[in-house]
There are 2 protein chains.
Amino acid sequence: MKIVVVGGVAGGASTAARARRLDESAEIIVLEKDQYVSYANCGLPYHVGKVIEDRDKLLVQTPERLKQSLNLDVRTGHEVTAIDREQKTVTVRAIATGETYQETYDKLVLSLGANPIRPPLPGIDHPKIHVLRNIPDMDAILATLGQGASRAIVVGGGYIGVEVAENLVHRGLQVDLLEMMGQIMATLDPEMARDLQYHLEDHGVQVHLQTAAQSFEDDGGRIRTQLSNGETITADLVVMAVGVRPNTALATDCGLPVGPRGGLQTDKHMRTIDPDIYAVGDMVETENFVTGDAMLAALAGPANRQGRIAADNIFGHGSQYRDTQGTAIVKIFDMAGGGTGASERSLQRANIPYRKVYLHPSSHASYYPGSSTLHLKVLFSPAEGKLLGAQVVGFDGVDKRIDVFATAMRAGMTVFDLEHLELSYAPPFGSAKDPANMAGFLGANLLRGDVHFWYPDDYPEKTQIGTLLDVRTPREFEEWHIPGAVHLPLNQVRDRYAEIPSHSPIFVYCRSGFRSYLAYRILVQSGFSHVSTLAGGLLTYSCFYQTPYSTGTAHYPAIAHAEDQMAEKVLSQTV
Amino acid sequence: MKIVVVGGVAGGASTAARARRLDESAEIIVLEKDQYVSYANCGLPYHVGKVIEDRDKLLVQTPERLKQSLNLDVRTGHEVTAIDREQKTVTVRAIATGETYQETYDKLVLSLGANPIRPPLPGIDHPKIHVLRNIPDMDAILATLGQGASRAIVVGGGYIGVEVAENLVHRGLQVDLLEMMGQIMATLDPEMARDLQYHLEDHGVQVHLQTAAQSFEDDGGRIRTQLSNGETITADLVVMAVGVRPNTALATDCGLPVGPRGGLQTDKHMRTIDPDIYAVGDMVETENFVTGDAMLAALAGPANRQGRIAADNIFGHGSQYRDTQGTAIVKIFDMAGGGTGASERSLQRANIPYRKVYLHPSSHASYYPGSSTLHLKVLFSPAEGKLLGAQVVGFDGVDKRIDVFATAMRAGMTVFDLEHLELSYAPPFGSAKDPANMAGFLGANLLRGDVHFWYPDDYPEKTQIGTLLDVRTPREFEEWHIPGAVHLPLNQVRDRYAEIPSHSPIFVYCRSGFRSYLAYRILVQSGFSHVSTLAGGLLTYSCFYQTPYSTGTAHYPAIAHAEDQMAEKVLSQTV
């Protein structure tokens, strides 16, 4: 068996390594056009920022070591220029010498990745306009920084963009981040991305939403960038992080079809329509686990697993790829944010009905040092409560909750199942009722009809036909309240509910949604028929509208009184 | 509806709060014999250590606040002395006045917890011998510390014992910890508890295994403790943390039955044999999710959920408790350790067949700062690979992995499902192949017959009939190897395997098990028929036998060469 793998990073390296373990006698050739194989591409931004000081740490493997340990024939600087499916050969060009040769294969595995998009804007070829996908890209950015740089523009507010922005701040630069959409981190819903944006801004990154770069011009070695909003910024370097495009040219040239999203099509065995050609990683389309739609996921985890699956199938193990959840996370300075499954936006696009809850639990027992407030949004099906998506943002324990939701979703669990999860608890790590349990309680309450929510976008149109009822403490109400709200503290609701007009709907709210839920229960059982409680309270509301609570960090804003905050936290711990 | 809840901490407080939300009109009385309700009992050791500085932070609730927010009639200092099931009344004694009265109920909920065991040893009543279960216990320990204390004995190496030991070290005391068994943390298997013990010792705690306290004697205000090994230690205080016993006397007095483990019996609705009496929390027995055996789990999470379920059922919601996995975690200084499901010991006891894997992955990408080595043990069924138990020990990301395993196990997942989990990855948080995926790969390889393991307890009896083959680097081999081992570095196995005797079994090993797995694959495919690889490598082996790698921390021991370590880590990242 002779296996030729084209592309020696995540997916390709995994394929080759697994293939060797499955078959000691196979001839395995890895052709990589760049000089580096199996390097830590997710670490690139962090070496730019000197968080990872040693460049060598990123160079996970060398051809020599892969030869020694896995008997792989790794040829860097060798580019495949054509595939002959009839003859089962590839044409290879040794870049250093220009020499061209044919290599035969029994099985061919394509792992060509994706190319960073460089939009065809005037001046885009300026030598200090960079992308960041591979080691040479990183070295180029470092070289530009080495020439002395004090200001940078990052174009694109996705994973790479925000990671690069953070790391340029670590290098002492003033950073402007341009994002065409109305939010950064478009895989999250906008209200969940808001705190991450604030946190970037807290650390000095100037975030320009709904703003594109229109053209670039050299200005004495610097770059003058014209923005779509009319502004001009002159910077020492620009990093384009506006997305990637699957690298499918080689595959389509030999007649392999791409799917609706532009990625190469494979079956669940990672086999293309040619039974002797497999494809893995960022260049392929997969099926979305939730919506069933074709999707492009430039994610390291799926790429690695797909490589393993391709090798399995080459040797007759029938393993199958189980669709993509899109589980992802980003660190932004001290915060983290991410999610799994579908966002609300993608459910709407796919016309999938859903319900949603928001919550703001402590990352761990609030009496133990270091806890902070998490922001969670969980989406689930209206009928059986099946998990469709979850997003988590905060300072502590974010990755853990995403992974619990990702595992639960993969297992087909419902919000009713979340209620019963038995997760590890000690005060430094969680709460007796973990945020995942709490999400289950809320979702199950909703589906059982024990609660009705109103949402920030019901304001003001829907809320103006009824009573907007603030059940926080007098101090909190005085500080700030939603314009038009009537005040009745939770502790007085039982005695004074007769004062509330009963002929029209009541829209209750508090800080996080817990006290208003208690008020909701009191009112409904006292005979009020149209009551709803603000999902996620003002903490979620403030992600939609500018309020005094919208500034600063995801910690409870300094403006609020510590006692009130503690009283509510404490109350919610006896849910 | 009149509900009387006996016991106002975790389970009882949850029952009362949930009951109020479900029914605004119910009369809800909470009777608590102590002065405190709904306090943070899991935080007690940390206030002893001043990690939680403010005592008030532990006092989560007061009767007044519970009255205001939830309209609960909470009576502290009121002890229930008898239950009359016929009349549906309880006899209550107001401790302050000695006054006794009857209280009727429609539904009675018992949440009496468990009592710390004080074994009847000579001198056990010394005023400086403490337990730690509630606020008065904590205050008593603090009072003793306040009198000046430099040395303490902690009896019992379970969760409370090690937390107390750590916190007494924080207070500057010299601490001896006595444990009757051959390991601390008996819910973990011994080899998984070993690193936690070393870490305690690294922080100055003197751990005495297989050692009991036999008697106590006053020595001028101090306590002279006679140990079972003949030693004597004189200390300023003793904390007994040898376990708890369900507080069932009140229940059994009125004819409610206890189960085989001594906890009160309920159905899955948390209802006792009396349809009007429910019981929740540490005083009840539940069914073990894995073994089906009756179990006592003094855990906050289950207690809180049971309270909620009891309230649900009082009001006709049919919710059911879904058995106990025993998910738990402990922090010991900088380390954490815990698990979910059954231990190997408990599977053996229950006669449940199982297979097991050990692994030592990085907590997150090893090139990103702050990563460290995790120690994982995963148990699963031999036929379908269903998860039966998982244990995780390390410095970083321990709680996350336990929770992923707990969720996967709850969902009935197999090792084959773990392979496909799509977990959140960015270098600060994980790896493209997360430890949970890696555990799945190993388990699936084992069940598919792609690998055979040998285990440390096969040494030396089984291994002496064959060749013990060390495939580490020459440097590593020279440093230390298992006595009797033959050396053949992985990189030379392909060229030199003919030197290995082929007529007898080969027992391969390396540091973590990864290189030996590669060697295993080479050898098996080169015609050797009896090959096995040491599960978990020397890192696991060193938890069974004293080796130079056994000392210090769970980080790769300083004695090993950094390059070899990195080479292996790097290799395993291209699994």
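Tutor: The model under discussion is predicted. The residues of α4(A) that count as buried are Ile135(A), Asp137(A), Met138(A), Ile141(A), Leu142(A), Thr144(A) and Leu145(A).

The helix itself runs over residues 135–146 of chain A and comprises 12 residues. From its first C-alpha to its last it reaches 16 Å, close to the 16 Å expected at 1.5 Å a residue. After α4(A) comes Gly148(A), which has a positive phi, near 95 degrees.

We now turn to the charged side chains. Side chains of opposite charge can pair when their charged atoms come close. Over all chains, the count of salt bridges comes to 69. Among them is the pair formed by the side chains of Arg18(A) and Asp312(A), at 2.7 Å from N to O. This pair links distant parts of the chain: Arg18(A) lies in helix α1 (residues 10–22) of chain A and Asp312(A) in helix α8 (residues 300–314) of chain A, 294 residues apart. Arg18(A) counts as buried because its relative accessibility is 0%, and Asp312(A) counts as buried because its value is 4%; the cut-off for buried is under 20%.

A second pair joins the side chains of Arg496(A) and Glu499(A), 2.8 Å apart from N to O. Here Arg496(A), at 28% relative accessibility, counts as partly exposed, whereas Glu499(A), at 53%, counts as exposed, since the exposed class requires over 50%.

In chain B, the side chains of Asp267(B) and Arg271(B) meet in a salt bridge at 3.7 Å from N to O. A relative accessibility of 30% makes Asp267(B) partly exposed, and Arg271(B) is partly exposed with a relative accessible area of 25%. Back in chain A, salt bridges that share partners connect Asp189(A), Glu191(A), Glu344(A), Lys356(A) and Lys377(A) into one network.

Methods. Residues are numbered from 1 along each chain as its sequence is written. Chains are lettered from A and ligands numbered from 1 in the order in which they are written. This is a predicted model: local features need pLDDT of at least 70, side-chain atom pairs count only at pLDDT 80 or more; totals for chains, interfaces and linings use all residues. Side-chain values use heavy atoms; hydrogens and water are left out. Helices (H or I, at least four residues) and strands (E, at least two) are DSSP runs, numbered from the N terminus. The expected span of a helix is 1.5 Å times one less than its number of residues. Buried means under 20% relative accessible area, exposed over 50%, partly exposed in between (1.4 Å probe, protein chains only). A salt bridge is a side-chain nitrogen of Lys or Arg within 4 Å of a carboxyl oxygen of Asp or Glu.
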